[in-house]
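Below are some notes for a colleague who has the sequence and the structure to hand. The points are numbered so that each can be checked against the coordinates in turn.

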Amino acid sequence: MVIAKERETEDVFEKKHQTLVSTVTQLAPIDPFSFFAAGAKHYRGKRFYWSDPGQEKVFVGLGIAHEIVAHGDDRFAKVEEERKKLLNMIETETDLAIQGTGPLLFGGFSFDSQAAKTALWRSFPDASFVVPVFLLTVTRQGCWLTVNRLVQAGDHSIQEKWLEKERESLLRNARAVVLSDGSAQSENVRYATTDVEPEAWKRAVAEAVDQIRNGEVDKVALAREIRVHATERIDVVRTLKRLCKQQKESYVFAIERGTDCFLGASPEQLVKRDGNKLHATCLASSIGRGKTAEEDERLGQRLLSDEKFIVEHQFVVDMIKSAMEAECEDVSVPNEPSLFKTAYIQHLYTPVTGTARRGTSLLSMVEKLHPTPALGGYPQDVAVRKIREMEKLDRGWYASPLGWMDRHGNGEFIGAIRSGIVRGNEVSLFVGNGIVADSDPESEYEETKLKPKPMLTALGGKRS
Ligand SMILES: C=C(O[C@@H]1C=C(C(=O)O)C=C[C@H]1O)C(=O)O
């Protein structure tokens with residue numbers, strides 16, 4: 001049978017009487033968006049999408065074979081503990097060299113487990129990771145489908161038969177789905193956007209500036225919400241498709257929980273682990289793109305030379321560098337930032353690399369780095385407390401670590417910015433800015449207006 005021929009590996013995890021069996025098969029190329037769409041029938045609320053810049057790795061997950069949920073301040077440690085338990089249950093393993101296949105965990109954390117929670121984020125706990133039932137992995141090398149199943153001792157055959165049928169039907173449906181390129185659709189959709197309490201946000205910025213000048217804190221990133229109301233249900237697949245097309249330098253993601261979907265296109269890598277190599281990114285200070293090449297160049301030069309922008313960026317570099325030095329050998333950081341240009345915004349950018357010491361895991365690095373001064377502030381603990389006090393907002397998973405981990409400890413996390421939570425016809429978008437001693441509330445407000453552009457453009461339709 002074709003499937004038997006395609007089958008390349010079978011990993012088995014034993015859990016008491018349960019076993020997590022993970023089967024990886026290579027497929028003819030398949031469109032990830034069509035696969036995501038084909039999953040709507042049986043897996044709505046349990047789907048995810050991830051692609052990195054340049055589409056080096058694209059993942060689509062459907063269903064939940066295994067879930068790790070954690071609450072409270074020690075959520076990072078709890079997830080790591082559960083992840084290790086899962087790994088220890090490996091009974092047999094035929095190693096497959098393709099990274100990003102097999103029993104991958106995908107999920108994320110909330111920004112601050114101690115912050116007051118609202119109904120907006122009710123479906124997103126402080127930490128949630130899943131091993132999907134079906135994982136589509138698309139890389140430059142090809143296309144793979146992993147099927148993960150938790151089996152009770154003795155009931156292999158029934159589940160396997162069902163899964164085989166389900167797998168065939170998903171692939172058939174995915175190949176039959178013809179999605180438009182997303183550019184011409186939904187032109188009839190109209191949407192209204194509301195800035196939620198902009199004056200209160202500017203007052204919070206002024207208050208933060210006072211506290212910074214008093215020496216209570218050095219930098220605080222303050223966020224605000226923009227509410228979008230559309231005349232019809234937000235089409236997640238088309239929005240994702242457009243984000244990928246329009247935000248090529250960003251990580252595009254969507255994660256469904258219940259009836260809600262958190263999605264966005266974030267340029268902000270938090271940390272990536274590949275073997276024992278760690279890569280982190282400092283991205284902070286923002287300015288728009290020019291309409292002409294000359295204007296774009298002028299704006300970029302201003303970003304590179306303005307004292308406020310440099311100071312704001314340097315907090316991020318200093319913190320990430322020292323966090324990496326605490327866990328890695330051979331930490332390397334360029335002396336000066338360069339420009340990172342996305343479709344509507346340019347940022348100051350400094351990459352940091354290092355070699356992980358023994359005992360340093362991807363999650364221990366995520367915990368150490370989150371939140372960086374780009375998304376939280378400096379010093380870390382004081383800034384998080386200030387955000388809790390000053391922001392009239394439930395950040396939920398906005399600006400939080402979101403990403404994937406494989407069974408070898410490789411993986412990648414981003415800071416989930418340029419994002420929003422979709423609930424039917426409504427989207428709550430979040431935008432933030434780093435506030436320093438020289439910040440001016442009005443210009444910070446103007447700067448934040450650049451940040452919802454990727455999401456608003458991807459939603460399509462017309463603003464009313
Ligand atoms: C907080 C956001 O962006 C962050 C803040 C930036 C800034 O203050 O200039 C720039 C990039 C991001 O690190 C956001 O987009 O919501």
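Predicted model: local features only at pLDDT ≥ 70, side-chain atom pairs only at ≥ 80, totals over all residues.

1. On the scale of the whole chain, the protein is divided into domain 1, covering 2-176, and domain 2, covering 190-463. The centres of domain 1 and domain 2, taken over C-alpha atoms, are separated by 27 Å, and 40 residues of domain 1 are in contact with 44 residues of domain 2.

2. On the side of domain 1 that touches domain 2, at least two residues are supplied by each of helix H2 (32-38), strand S3 (47-51), H4 and strand S7 (105-109). The residues of that side divide into 22 nonpolar, 10 polar and 8 charged.

3. Which residues come nearest to the ligand? Of the 18 residues around the ligand, these are Ser 286, Ala 374, Ile 417, Gly 432 and Gly 434. The elements that give two or more residues to this shell are strand S12 (219-230), strand S16 (277-288) and strand S24 (426-435). By class, the shell around the ligand is made up of 9 nonpolar, 6 polar and 3 charged residues.

4. Some backbone details deserve a look, given that most residues other than glycine have a negative phi, and most peptide bonds are trans. A cis peptide bond joins His 370 and Pro 371, with omega about -10°, and Pro 371 is found in the loop between H10 and strand S20 (377-378). Another cis peptide bond joins Tyr 378 and Pro 379, where omega is about -10°; Pro 379 has its place in the loop between S20 and helix H11 (380-390).

5. Gln 55, a residue other than glycine, has a positive phi, near 55°, and its place is in the loop between S3 and strand S4 (57-62).

6. Finally, on confidence, the protein chain averages a pLDDT of 91, and 91% of the residues score at least 70. Over residues 1-9, however, the pLDDT is below 50, and this stretch has 13 contacts in the model beyond near neighbours in sequence. For the model as a whole, the scores are ipTM 0.98 and pTM 0.94.

Notes: Residues numbered from 1 in each chain as written. Near = placed C-beta within 6 Å. Helix = DSSP H or I, 4+ residues; strand = E, 2+ residues; numbered from the N terminus. Nonpolar A, V, L, I, M, F, W, Y, C, P; charged D, E, K, R; others polar. Domains from an automatic or database assignment. Contact = placed C-beta atoms within 7 Å. pLDDT = per-residue confidence, 0-100.
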